[in-house]
Structures are given as C-alpha cells and as structure tokens.
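Here is a short briefing on one structure. It covers ring contacts first, then a pocket.

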Amino acid sequence: MDSVIVIVALGAAVAGFVQGLSGFAFGMVAMSFWAWGVDPRMAAAMSVFGALTGQLLAAVTVRRQFHLAAVLPFLLGGLVGIPIGVSLLPRLDVNLFKLCLGTILMVFCPIMLVAARMPKIHHGGRVADAVAGGIGGIMGGIGGFTGVVPTLWCTLRGYDKDKQRVIIQNFNLGALIVTMGVYIGTGIITREMLPMFAIVAPAMLVPTLIGTRVYLGISDITFRRIVLTLLTGSGVAMLVSAVPRVLAS
C-alpha cells in the first residue's frame, strides 16, 4: 500500500506541474505513473479529480480574457462527447485505446515540432471546433483526457499561447466539472476512493502553482514547443503502458 501511495503522490505532483504550465495533460502524465500500480477504474477517477483541481487552481492564478465565441463550440461538442465516453468506459479495451492514440501522438506531434512553418488550418469553422471538443469530451469521459485533442487542434489552428490557453483552460474546466458530476451520478466515484483523492490534492497543489508561474514567463514559440513535446511524451507513455499488455493478451 505504501508503494501505491508514493506512486499516486509522485504522479499527481509531476502531472500538476505539467498542467499548470501547459493548461492540459494532467491525466496523460499521471496515468504514465499510475498505470503501473493503480486499478484502472481508480486511476480514471483520480485523473478526473486531479485535472479538475488543477483547472480550478489555474482559473484563479492564470486569468485571461474570456472569449465565449471561441470557447462555446468546444464546450457544446464536449457536452455531447462526455456521456459517450462515460458509457464506453466499462466496455472499452483501454490498452488498445492507449496504443492507437499513443501511436498517433508519437507520429504526428514530432512532425509538427520540426515543421514550424506547416500551413495552418483555417477551414471547418465552429463545426470543426465542436468536433474537436466532442472528441475531447469522449476522452474526458473515458479518463479525464479532455485537453489532448482540443489542444492539438488549437495548435494546428496556429493560435497564440494566450488564445489557446483561454480555450483549453475554460473547455477543460467546463468538461471536467460535467465529467465529475457524471462519474458521481453513475457511481464510478465511490467513498472508498476519497482517501486517494486526499493524497492527490495536496501532492499537486504546489507543483501546479509553480507551473502556472513558469507559463507566464514563456514566449509563444517556447509554449508551442512545450505543448508538442508534452503530447509526444504522452504518446510514449501510453505506448510503454499499453504495448506489453496488448502483446500479452
């Protein structure tokens, strides 16, 4: 049990810093630790709880002007996607999901990282934004991974770091509140999980605040590199976790 507590606390601390810096990726980073010693159902619940806690902290410490028109399509898509993700959670082959998504992130994000002058996507409008939000909602329902696809989409759109932060921070906050409510309402979160939540919250508090302070001092180019590197790292972590289990099945 002691080793599990260490894994949970360490994963929460590292994930909290990353989320404070980038505005997303708590679940991805935390899962790269928790996949080794935590029950998947428990890990999904802690991921949603930790990501929501981090977003609430960021909403207070990293304030940016709110643009409803930019955020609304993502939120509407997310509201459609979250119930789908929650319904898939008990039926989903999580390892196969991680394998597919991890491969996409590992291939695509490094290409974007080295090809700084890739043409930006201007087509699709709000419908495409809503689709990105919907996929984020599905992934949020599965395990709190709300920000991955919307963040990648905003990067493809070529948004500067502040506009991207406004969209992702507010989308994640709204989507995670709904996801947490659905988790509680459907019984995914139980009283037995509360002691673990009591480990996650204090472990991530200071690292999250440090991450938000670092964010305020970096440039758009540095922010883009950090985001794409984190997405690539998330893909690696997913593959490391999933490949042995897929091969063994």
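**Around Y215**

K161 lies over the face of Y215, 4.5 Å from the ring centre. The model is predicted. The charged end of R165 also sits over the Y215 ring, at 4.4 Å from its centre.

**Aromatic pairs**

- The count of aromatic pairs comes to 4.
- F74 and F171 form one of them, an edge-to-face pair with 6.4 Å centre to centre and 65 degrees between the planes.
- F74 belongs to helix α4 (residues 68-88) and F171 to helix α8 (residues 161-185), so this pair ties together parts 97 residues apart in sequence.
- Both F74 and F171 are buried.
- Y215 and F223 also form an edge-to-face aromatic pair. Their centres are 5.6 Å apart, with 75 degrees between the planes.
- Y215 is buried, as is F223.

**Second largest pocket**

- The second largest pocket holds about 330 Å³ of space.
- It is lined by 17 residues, and P40, R41, A44, L89 and V94 are the closest to its centre.
- Helices α3 (40-61), α5 (94-114) and α6 (125-143) each supply at least two residues of the lining of this pocket.
- The largest share of the lining, 4 residues, comes from α3.
- By class, the lining has 11 nonpolar, 4 charged and 2 polar residues.

Notes: Residues numbered from 1 in each chain as written. Predicted model: local features only at pLDDT ≥ 70, side-chain atom pairs only at ≥ 80, totals over all residues. Heavy atoms only, no water. 1 Å grid on protein atoms, 1.4 Å probe; cavity = no way out; pocket = protein on both sides within 12 Å on 5 of 7 lines; lining within 4 Å. Points joined across faces, edges and corners; volume = space filled by probe spheres on them. Nonpolar A, V, L, I, M, F, W, Y, C, P; charged D, E, K, R; others polar. Phe/Tyr/Trp six-rings, centres within 6.5 Å; stacked < 30°, edge-to-face > 60°. Buried < 20%, exposed > 50% of the residue type's maximum accessible area, 1.4 Å probe, protein only. Lys NZ or Arg CZ within 6 Å of the ring centre and 35° of its normal.
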